[in-house]
Amino acid sequence: QQAPPRTEVAKQVNMFSHLHQFRREVSLTSHLSFQSDGIHPAILKLGLQYAEGLICGSNSRCIAMLSAFKQVFRDYSTPPQKDLSRDLELKMKPYISFLSQCRPLSVSMGNAIKHVKLRISTIPPDMPEDRAKDELCDVIDAYLRENIILADQAISMTYAQKKIKDGDVILTYACSSIVLRVLKDAHDSGKKIRVIVVDGRDRKS
């Protein structure tokens, strides 16, 4: 299954030339077919949400991806005469490729994928399927907690408490969940700050 291609803008903004810039077009879902032997429905849904801009932000996209992976693992059944670890690794490759076609992967998504693939590769051949799937879901939950939730808390405390001073004027581009958290924590701590948001208009305007 291939994601519908998007058209690059004719005139790119030089300041953001390092980012992908696409024209806003009709819905990307209109030309997709849904086949039982193709991409898992959870991955299809997620990829289209990425492409349409319905899930934005590095952390939000990573969390949604890992949640979709958990659904894939729950629905997975090892084919006869197949090894769970090797077969699941092969099945994950087109899923990840599809998501990347819909929107380029963020750094946090790439790191999460490497972590999950490593754990899949280390599943013992004699481990019962249900236990293996439960352990993979636990791996994802632990990764979310340690590398996103707790990491965000640590970053926010560092910048909100040590870097931002009373009276600071902060310039930020668009919206980031961690930046928003840092600003809220700084405000909640009693610091008086001004924030200038560049290109912060509504996504659909």
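Me: What do β1, helix α6 and β2 make?

Reply: Together β1, helix α6 (residues 177-188) and β2 make a right-handed β-α-β unit. Right-handed here means that, with the strands pointing away from the viewer, the path from the first strand over the helix to the second runs clockwise. This is a predicted model, in which local features need pLDDT of at least 70 and side-chain atom pairs count only at pLDDT 80 or more, while totals for chains, interfaces and linings use all residues. Residues are numbered from 1 along each chain as its sequence is written, and side-chain values use heavy atoms, with hydrogens and water left out.

Me: How many helices and strands are there in the protein chain?

Reply: The protein chain has 6 helices and 2 strands, in the order α-α-α-α-α-β-α-β from the N terminus. Helices (H or I, at least four residues) and strands (E, at least two) are DSSP runs, numbered from the N terminus.

Me: How many bridges join β1 to β2?

Reply: There are 5 bridges between β1 and β2 (residues 194-198), and the two strands run parallel. Strands pair if DSSP finds at least two bridges between them. L171 has I196 as its bridge partner in β2.

Me: Which residues of β1 are on the covered face?

Reply: I170 and T172 are on the covered face of β1 (residues 169-173), with V169, L171 and Y173 on the uncovered one.

Me: Is T172 buried or exposed?

Reply: T172 counts as buried because its relative accessibility is 11%. Buried means under 20% relative accessible area, exposed over 50%, and partly exposed in between (1.4 Å probe, protein chains only). Leaving out residues up to four places away in sequence, T172 touches V179, V195, I196, V197 and V198. Contact means heavy atoms within 4.5 Å.

Me: Now the core. Which residues have the most contacts inside the largest nonpolar core?

Reply: Those are I43, M65, L66, F69, F73 and M92, in a core of 38 residues. At least two residues of this core come from each of α1 (41-52), α2 (58-75), α3 (84-102), α4 (107-121) and α5 (129-163). A nonpolar core is a set of buried Ala, Val, Leu, Ile, Met, Phe, Trp, Tyr and Cys residues joined through side-chain atoms within 4.5 Å.

Me: What does M92 touch?

Reply: M92 touches F69, V72, F73 and I120, again not counting residues up to four places away in sequence. Another core, of 7 residues, lies apart from the largest one and includes I164, I170, I178 and L183.

Me: Which residues line the second largest pocket?

Reply: The lining is G38, H40, V72, D75, Y76, S77, L88, K91 and Y95. α3 gives the largest share, 3 residues. A pocket is an open set of points on a 1 Å grid over the protein atoms alone, where a 1.4 Å probe fits, with protein on both sides within 12 Å along at least five of seven lines; lining residues have an atom within 4 Å of a point.

Me: Where is Q81 found?

Reply: Q81 is in the loop between α2 and α3. Its phi is near 65°, a positive value in a residue other than glycine. Most residues other than glycine have a negative phi.

Me: Why does Q81 count as exposed?

Reply: Q81 counts as exposed because its relative accessibility is 83%.

Me: And D141, where is its place?

Reply: D141 is in helix α5, and is partly exposed, with a relative accessible area of 29%. The C-alpha atoms of D141 and K70 are separated by 9.2 Å, although the two are 71 residues apart along the chain.
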